[in-house]
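Dear colleague,

I am handing over the structure we spoke about, and I would be glad if you could look through it alongside the notes below.

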Amino acid sequence: VQLLASGGGLVQAGGSLRFSCAASGRTSTYAMGWFRQAPGKEREFVAAINWSGFSTYYADSVKGRFTISRDNAKNTLYLQMNSLRPEDTAVYYCAVRKGIATTSNQYDYWGQGTLVTVSS
C-alpha cells in the first residue's frame, strides 16, 4: 500500500483546509488515520476511521473542528479541518492498518506528510 497526501498549505487562523490521502492498492478493508507532528514535538493522533466509515475517533484537541471521512470507491481518505488555530500547525500524515487504532506505532503504512501552517 502506498499513500499520497495532498492539501496542505498556509491558512489564517479560523480558516479551513481539506486534506486528501490517495491510496494505491486496495484499502477498503483497512482502518485509516491522520496524525500530525509539530516542530520539536512527537507525532500525535488526530483522527481515525474504520473500514466502513461508520466508526470515527478524534483527538480532544480537534473534536468538533475536524472531520475524517473516506471514499472506498476512490481509495481516498479525507480530513476536513475547520476553525484552524495556530497550534494546528504541523506536518500531517495519513496512515493505514487492519483495525482501527489511535497510536502511531500500530499503523503499518504511512504517507509522506503534508505541511499545514496556520498564521495568527
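Predicted model: local features only at pLDDT ≥ 70, side-chain atom pairs only at ≥ 80, totals over all residues.

Residues are numbered from 1 along each chain as its sequence is written, and side-chain values use heavy atoms, with hydrogens and water left out.

Counting rings of Phe, Tyr and Trp (its six-membered ring) as paired if their centres lie within 6.5 Å, with planes under 30 degrees apart called stacked, over 60 edge-to-face and the rest tilted, there are seven aromatic pairs. One of them, between Phe-19 and Tyr-92, is tilted, with 5.2 Å from centre to centre and 55° between the planes. Phe-35, Phe-45, Tyr-93, Tyr-107 and Trp-110 form one aromatic cluster.

With a salt bridge taken as a side-chain nitrogen of Lys or Arg within 4 Å of a carboxyl oxygen of Asp or Glu, the count is four. Arg-36 bridges to Glu-44 at 2.6 Å, N to O, and also to Asp-88 at 2.9 Å. Arg-36, Glu-44, Arg-65 and Asp-88 are linked in a network of salt bridges. Taking buried as under 20% relative accessible area, exposed as over 50% and partly exposed as in between (1.4 Å probe, protein chains only), Arg-36 is buried at 5% and Asp-88 is buried at 0%, whereas Glu-44 is partly exposed at 35%.
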